[in-house]
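Me: I have a structure to go through. Can we take it piece by piece?

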Amino acid sequence: MPTLSTALHPKRDLYLALKSRLLTLDGVEHVRLFNNQYNNDKVEEAYKQYGTVFVEFLQLTWTGSTLNQQRGDTVVRLHILFESLETEDLRVFERVQTIHLSIQGFNGPLFTSMQRTNEEQDTDHDNITVWKTDYNTQLSDCTTDPRAGLGTHIITQIEIDAQLDIDDQVFRSGDGVF
């Protein structure tokens, strides 16, 4: 049976895929799991100087499939932090849109295409604007499938190194019995 550290893990793998993708964007310096960080003054100071995105799993509704596999309708919220001392700084919209362009339609082996469903602005943080954007996706969890112990990786590409031995114009496969 695969261990948790090596097995496919849908929530962890989704978070790590989002983190990796977001950190490639200009202006995003930190990506962390959300734990109400920006409502804590000491933590707020640490993150407000840099582009930070917090990832929160709002809701996971699991339904059974076959062989103990499950599908989870999932809502992921991105908390996008933006600091500005200007009275009105429209760059926040550029940051939010850049992140959206990167995430909308993003998918992976264990999650379907991310689709934006909701946005809201949270302005109760002095010079920090927090923009919350929700995305729906569906996770696949096959970790309790009895066949899961047979392998811990999804095969996405197979390379076959073989030479064809063609001795006439008829191509055959299998054992040659017709």
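Me: Is His79 buried or exposed?
Reply: His79 is buried, at a relative accessible area of 2%. Buried means under 20% relative accessible area, exposed over 50%, partly exposed in between, with a 1.4 Å probe and protein chains only. This is a predicted model, where local features need pLDDT of at least 70, side-chain atom pairs count only at pLDDT 80 or more, and totals for chains, interfaces and linings use all residues. Residues are numbered from 1 along each chain as its sequence is written, and side-chain values use heavy atoms, leaving out hydrogens and water.

Me: Which strand is His79 in?
Reply: His79 belongs to strand 3. Strands are DSSP runs of E, at least two residues, and helices are runs of H or I, at least four, numbered from the N terminus.

Me: What does the side chain of His79 make a polar contact with?
Reply: With the side chain of Glu56, at 2.7 Å. A polar contact is a pair of N or O atoms within 3.5 Å; within protein, one must be able to donate a hydrogen and the other to accept it, and residues adjacent in sequence count only if both atoms are side-chain atoms.

Me: Now the sheet. What is the strand order?
Reply: The open sheet has five strands in the order 1-2-3-5-4, with mixed pairing. Two strands pair if DSSP finds at least two bridges between them.

Me: How many bridges join strand 1 to strand 2?
Reply: Four, and the two strands run parallel. Leu33 has Val55 of strand 2 as its bridge partner.
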